[in-house]
Amino acid sequence: MKKIVVALGGNAILSKDASASSQQAAIFKTAKVLVEFIKRGYKLVITHGNGPQVGNLLLQQVAGSTVKNPAMPLDTIGAMTEGSIGYWMQQALGEILQSEGIRKTVATIITQTKVAADDPAFKNPTKPIGPFYSQEEAKKEKTENPNYIFTEDAGRGYRRVVPSPIPQEVIEYPLVAMMLKNDMIPIAAGGGGIPVSQNKDNQIVGQEAVIDKDYGAAKLAESINADELIILTAVDHVFVNFNQPNQKKLTNTTVAELKQYIAEKQFAVGSMLPKINAAIEFVEATHGKAIITSLSRVTDLLEKGVGTIVTA
Ligand SMILES: Nc1ncnc2c1ncn2[C@@H]1O[C@H](COP(=O)(O)OP(=O)(O)O)[C@@H](O)[C@H]1O
Ligand SMILES: NC(=O)OP(=O)(O)O
């Protein structure tokens, strides 16, 4: 039976507004799609992004903080989003599986991901979190919070960016493997996992950062020796010359071809490039298959192979 790690993008969780009910409704729709994998007998690991949620929660924390009840640090906020998104997914999947007469346990693993404490990313924040701002709004935010850094996010507006170190190891991967072995459905490495590193006393300590979930998913898929890494986003395919009259979709592609396109700067840094790099990392490490397609085309992926399929 095929072992797959499915990484869910922003549109799988936040499609309307950031209220709990809207996000739960979006996740319910997503869970209906994920059940297609389960019905076909795949051993499924679910992972997801948390960029909007981690940023929104941070804003709420900062706005409500007092000396005695201070805002939580970013690693803890990451853990909180793993918990909330995992909870919504557990509830949605549980309900759908029950209605389909499928008996399986779904559970969220609060996952820590090791990063290097001296990763250069800590000095060069690149990971967009929270809401989008106009240029004027971003300037105003920057005046109020001089330490914050804002950058333009792939043509979609301005967002705050935070450090995003490269994942080295998903600490709880043996638990993910154990759940799969026991025919359960783990939700793990949400938001790439909580960034942690080992200090000189060998203690694990949280880091104020947000890991890219596509890199986290690739590392997890590699650790459990998955057959496929499936990245579900808002586009059916990866394109070259994206959004230009001569855009061309990639259907079956190779690591070598993608490396060539990276050199040509075909993939936007804040959006498609991490997915391509994650796909390359997974395929190179395992000789498995990485697939990038949209959430709405999962049935077509399963029945007709629709999507960008990356092999060695
Ligand atoms: N070359 C490309 N091919 C396809 N999509 C691209 C390309 N470059 C940028 N994109 C954009 O990247 C988006 C996916 O990145 P993002 O929205 O960050 O993902 P996520 O689904 O993980 O939230 C696509 O919806 C598309 O708008
Ligand atoms: N952690 C992370 O990569 O989240 P997004 O995919 O939501 O940006």
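Predicted model: local features only at pLDDT ≥ 70, side-chain atom pairs only at ≥ 80, totals over all residues.
Local features need pLDDT of at least 70, side-chain atom pairs count only at pLDDT 80 or more, and totals for chains, interfaces and linings use all residues. Residues are numbered from 1 along each chain as its sequence is written, while chains are lettered from A and ligands numbered from 1 in the order in which they are written.

An unreviewed UniProt entry places the feature "domain: Aspartate/glutamate/uridylate kinase" at residues 2-293. UniProt positions follow the numbering used here, feature names are shortened, and annotations may be inferred rather than shown by experiment. The span is 39% helix and 23% strand, and its end C-alpha atoms lie 18 Å apart. Helices (H or I, at least four residues) and strands (E, at least two) are DSSP runs, numbered from the N terminus.

Ligand 1 is surrounded by 16 residues, counted when the C-beta atom, placed from the backbone, lies within 6 Å. G9, G10, T233, F242 and S271 are the closest. This shell holds nine nonpolar, seven polar and no charged residues. Here Ala, Val, Leu, Ile, Met, Phe, Trp, Tyr, Cys and Pro count as nonpolar, Asp, Glu, Lys and Arg as charged, and the others, Gly among them, as polar. The surroundings of ligand 2 include G9, G10, N50, P52, D212 and K213. Its shell has three nonpolar, seven polar and two charged residues.

L74 belongs to helix 3 (residues 74-99). L74 counts as buried because it has 23 C-beta neighbours inside 10 Å (buried, 20 or more; exposed, 12 or fewer; partly exposed in between). L74 touches L58, V162, E208, A209 and V210, leaving aside residues up to four places away in sequence; contact requires C-beta atoms within 7 Å. The C-alpha atoms of L74 and V162 are separated by 9.5 Å, although the two residues are 88 apart along the chain.

V162 also stands opposite K127, in strand 7. Strand 7 (residues 158-162) pairs with strand 5 in the antiparallel sense over four bridges; pairing requires at least two DSSP bridges. The open three-stranded sheet has the order 5-7-6 and antiparallel pairing. Strand 5 (127-133) and strand 6 (149-152) each have a single partner strand, so one side of each lacks a neighbour in the sheet.

Strand 16 (residues 289-294) is mostly covered, with five of its six residues buried. Strand 16 runs parallel to strand 12 (residues 228-233), joined by six bridges. In this pair, E228 stands opposite K289. Three bridges join strand 16 to strand 17 (residues 308-311), running antiparallel. There, I309 is the bridge partner of I291.

Terms used. Contact = placed C-beta atoms within 7 Å.
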